[in-house]
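Could you walk me through this structure, stop by stop? I have it open in a viewer and would like to know what to select next and what is there.

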Amino acid sequence: MPGREGRGAESVRIRDVSGSLTRQAIVIAAVTLAMDALAFVLFARSASHPMWSWAVLVAIIVVDAGLASAPRLSGVVAVAQAAVMAVGAALFAHAGQALPAGPLQTPLLNRAGLLIAAYRAGAWLNRGPAALSLLCLTAVVVMRPLLGGAPLELGGFLYGVMGDALLPWLVGRYTTARRAHIAEMEKRSERALSTAIAEERSSIARDLHDVISHQVSAIGMHAGVARMRAATAANAPELTASLAAVEASSRAAMLDLRRLLDVLHGNPAGEDSQPGLDNLPELLDTLRTVGLRARVTVRGVPSRLPESLDIAAYRVVQEMLTNALRHGADGVAEVDLRYDPLGLTVTTSNPLVTGNRVRPDSPHRGLQGIRSRVTMFAGSTSYGPAPDGRTWITSVTFPLDPV
């Protein structure tokens with residue numbers, strides 16, 4: 001059904017976006033880990049190192065790898081990054097080693113990981129957890145130079161707090177606000193488009209009601225009056241039957257128009273709001289009254305079709321039989337419904353008028369309408385005279401989901 005198809009497509013899009021975010025998070029975590037590990041190795045070359053310091057490097061690798069975790073864990077990752085930086089600075093200070101800048105003037109330990117963790121906390125967490133994460137990161141940025149044995153300078157203190165904690169956190173909050181703003185603008189655009197579509201549908205419905213439905217109703221009423229007056233005519237049975245057929249056709253047309261008006265007005269559709277293949281007997285009865293004898297043959301095991309496809313198949317059969325009535329001979333037609341696991345094939349055949357030259361490649365609105373309906377379901381259409389030249393065959397195939 002259309003709703004199910006729409007939900008399936010939406011699920012595919014959500015999975016695609018989620019997979020892209022996961023891949024990007026892994027790449028960012030890998031680059032951050034490489035930067036922090038490189039900074040640590042460069043520091044190891046330039047200073048005497050106790051053996052236990054490599055445990056600090058392992059901890060840095062672990063917390064940097066955590067940057068690829070789910071967004072809901074951003075607060076935990078931020079606290080872990082802060083803890084590693086604080087513990088690392090305290091251990092090196094206890095060993096009598098301050099933490100100077102490396103050859104690239106980049107502070108050591110997990111500064112890159114701390115920056116990304118601050119951004120993630122600002123971007124992914126709600127206001128309360130995000131504020132607590134910022135407080136934790138700010139505290140470790142303030143304590144790090146003190147734990148490392150460096151003197152406290154106001155300029156360096158402010159630079160560290162703003163550059164290593166506040167700025168990336170604010171960028172994360174801005175990204176979230178921008179994403180929410182874009183989502184709200186998209187919703188407003190969708191609502192405006194839906195309103196415009198609804199207004200246009202209402203306008204079309206009014207035109208159909210004021211013009212077509214009134215004319216069809218008038219046809220039915222005039223046919224009824226003529227049928228009653230024709231009872232005394234010389235060829236009363238034939239004339240009465242023809243006028244009765246006009247009445248029946250006008251009533252069927254009015255029923256279809258009411259269904260279409262309900263759809264255009266947005267009214268909830270009932271189970272019988274649109275005809276499907278189950279309504280073929282009524283269609284055959286209506287056509288029989290106007291002189292077309294049609295027979296339906298079902299092959300294979302009928303399967304339950306999606307509602308939209310069932311309606312389209314019925315409309316295709318209706319158009320096929322209407323063409324047979326208008327352009328065929330002898331007033332007969334055969335309809336073949338063939339079900340198989342991969343598709344539904346609908347074929348109609350009817351005799352051609354003797355001596356009528358048919359050009360299969362000439363434009364026919366009815367055949368074009370059939371092709372358009374079938375193309376919507378990725379189906380195929382073929383039509384034309386049989387090899388003997390005496391029978392017209394129209395065939396369409398609707399593919400079905402094997403599941």
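Predicted model: local features only at pLDDT ≥ 70, side-chain atom pairs only at ≥ 80, totals over all residues.

**Stop 1**

Ala30 is partly exposed, as its relative accessible area is 45%.

Select Gln81, which belongs to helix α3, residues 74-94. Is Gln81 buried or exposed? With a relative accessible area of 0%, it is buried, because that value is under the 20% cut-off. To see what surrounds Gln81, show its contacts beyond the neighbours within four places in sequence: Val63, Asp64, Leu67, Asn110, Gly113, Leu114 and Ala117.

**Stop 2: a pair of helices**

Next, select residues 280-289 for α8 and 307-327 for α9.

Which residues of α8 and α9 meet? Show Leu280, Leu283, Leu284 and Leu287 on the α8 side, then Tyr314, Val317, Gln318, Leu321 and Leu325 on the α9 side. Coloured by residue class, this contact has eight nonpolar residues, one polar and no charged.

**Stop 3: the sheet**

Keep α9 on screen and bring in the strands. α9 lies across β1, β2, β3 and β5 (391-399), and runs at about 175° to β5. The sheet itself is open and has five strands, in the order β1-β2-β3-β5-β4, with mixed pairing. Where are its edges? They are at β1 (293-299) and β4; each has a single partner strand, so one side of each has no neighbour in the sheet. From one strand to the next, the twist averages 10°.

- β2 and β3 (residues 343-351) run antiparallel and are joined by seven bridges. Select Tyr339 and you will find Leu344 of β3 opposite.
- β4 and β5 are also antiparallel, with six bridges. Here Ser380 faces Thr397 of β5 across the pair.

Follow the chain from β4 to β5 and you pass through a hairpin with five residues between the strands. In this turn, select Gly389, whose phi is positive at about 75°.

**Stop 4: two loops with positive phi**

Asp330 is a residue other than glycine with a positive phi, near 70°. Look for Asp330 in the loop that links α9 and β2 (332-340). Its relative accessibility of 63% means that Asp330 counts as exposed, the cut-off being over 50%.

Then move to Ala378, another non-glycine residue with a positive phi, this one near 60°. Ala378 sits in the loop between α10 (365-375) and β4 (380-385). Ala378 is exposed too, with a relative accessible area of 63%.

Technical notes. Residues numbered from 1 in each chain as written. Heavy atoms only, no water. Axes fitted to C-alpha atoms, helices over the stretch in contact; angles between N-to-C directions. Helix = DSSP H or I, 4+ residues; strand = E, 2+ residues; numbered from the N terminus. Contact = heavy atoms within 4.5 Å. Nonpolar A, V, L, I, M, F, W, Y, C, P; charged D, E, K, R; others polar. Buried < 20%, exposed > 50% of the residue type's maximum accessible area, 1.4 Å probe, protein only. Pairing = 2+ DSSP bridges.
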